[in-house]
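I opened the model to look up a few local features. My notes follow.

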Amino acid sequence: MQQLLREKHIAYVQSLDKHQESFEYWLSEHLRLNGVYWGLTALCLMDAKESFNKDEVVEFVMNCYCESTGGFGPFPRHEAHIHATLSGIQVLATYDALDVLTTGQVDQTVQFIRGNQLSDGSFQGDRFGEVDTRFVYTSLSALSILGKLTPEVVDPAVEFIMRCYNFDGGFGLCPGAESHSAQCFVCLGALAIVGRLNELNEDQLEKTGWWLCERQLPEGGLNGRPSKLPDVCYSWWVLSSLAIIDKLEWIDYEKLREFILKSQDSKKGGISDRPDNEVDVFHTLFGLAGLSLMGFENLVPIDPVYCMPCYVTKKFKKYPY
Ligand SMILES: [Zn+2]
């Protein structure tokens with residue numbers, strides 16, 4: 001039977017920042033702050049948070065803060081983006097270090113996020129205007145962690161999300177777009193953050209549950225939409241969605257566990273998207289997060305809504321305040 005290679009995964013995540021001279025390191029600059037969040041959260045789930053140097057990480061996050069716009073960029077001197085902004089806030093919250101932001105900086109960050117909301121309630125990722133339900137989740141999650149949600153932001157956002165609900169029970173990236181598991185997570189997560197899951201009635205939730213559990217394939221892994229290959233990161237997008245609507249047990253845990261553990265690299269550590277592929281920190285986190293949600297391998301419990309350890313999120317204020 002497969003076992004979780006905890007020590008190898010810790011060493012793998014820890015090693016990621018020691019390859020600064022490599023070409024891949026510079027190629028991933030546009031995702032660096034996200035990468036720090038993925039790595040730190042993975043370590044937290046394995047109860048190895050101290051494997052990263054807190055002071056260095058907090059300093060890096062603050063170097064990504066963009067004074068002119070108030071958001072965070074993925075790397076120092078990069079333009080701010082909503083996704084990097086959420087990662088920066090998540091990392092600070094995980095270290096219980098949100099107070100390194102001055103009141104003025106928090107206000108500016110809130111303004112940056114709110115400034116990206118469009119008249120239909122949706123959010124763009126940055127001033128270049130890509131719109132996607134992912135950014136609604138990202139924005140609401142970041143504002144929630146900061147304790148800064150308001151009805152002017154929440155109500156139109158909820159309306160937009162409900163327009164992305166499809167007849168098959170799934171959600172798309174915009175109204176009328178095909179259902180996708182990642183979009184189910186961001187839409188259900190956003191509704192949960194603002195306490196509005198009751199926008200969906202019992203029949204709708206039942207349909208959502210069916211659409212999600214049909215993502216499990218005979219080999220145990222889950223896919224993003226019908227007739228696609230299974231992928232470890234969907235262990236998170238699908239499972240967290242089911243957890244949010246209280247239907248987690250609609251999945252075959254043992255088969256999914258086996259699929260995730262088979263995707264580990266037994267030599268260098270880390271988890272890949274499916275068995276025998278190259279590992280990365282993104283799939284390492286979401287594999288561990290899936291195992292944590294199912295209660296396997298003695299991992300630290302993860303919050304299905306925020307994708308952060310429960311011991312961090314239990315301190316967040318619940319909206320409406
Ligand atoms: Zn994936």
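Metal site first. I looked up the angles at the zinc ion: its four donor atoms subtend 56 to 118°, so the arrangement is irregular. I listed the donors: D231 (OD), D231 (OD), C233 (SG) and H283 (NE2), at 2.1 to 2.4 Å. Donors here are N, O and S atoms within 2.8 Å of the metal, and water is not among the atoms, so sites may look incomplete. Their spacing along the chain is D-x1-C-x49-H. C233 sits in the loop between α10 (202-213) and α11 (234-244) and H283 in helix α13 (residues 281-293), so the pair ties together parts 50 residues apart in sequence. I found both C233 and H283 buried (under 20% relative accessible area, 1.4 Å probe, protein chains only).

This is a predicted model: local features need pLDDT of at least 70, side-chain atom pairs pLDDT 80 or more, while totals for chains, interfaces and linings use all residues. Residues are numbered from 1 along each chain, and side-chain values use heavy atoms, without hydrogens and water.

Next, a buried glutamine. I placed Q90 in helix α5 (residues 82-94); helices are DSSP runs (H or I, at least four residues), numbered from the N terminus. Its relative accessible area is 3%, so Q90 is buried. I checked its contacts (heavy atoms within 4.5 Å): leaving out residues up to four places away in sequence, Q90 touches Y37, I145, Y306 and M308.

Key:
Donors = N, O, S within 2.8 Å, 3.2 Å for Na, K, Ca; no water. Tetrahedral: all angles 85-135°; square planar, octahedral: opposite > 155°, others 65-115°. Helix = DSSP H or I, 4+ residues; strand = E, 2+ residues; numbered from the N terminus. Buried < 20%, exposed > 50% of the residue type's maximum accessible area, 1.4 Å probe, protein only.
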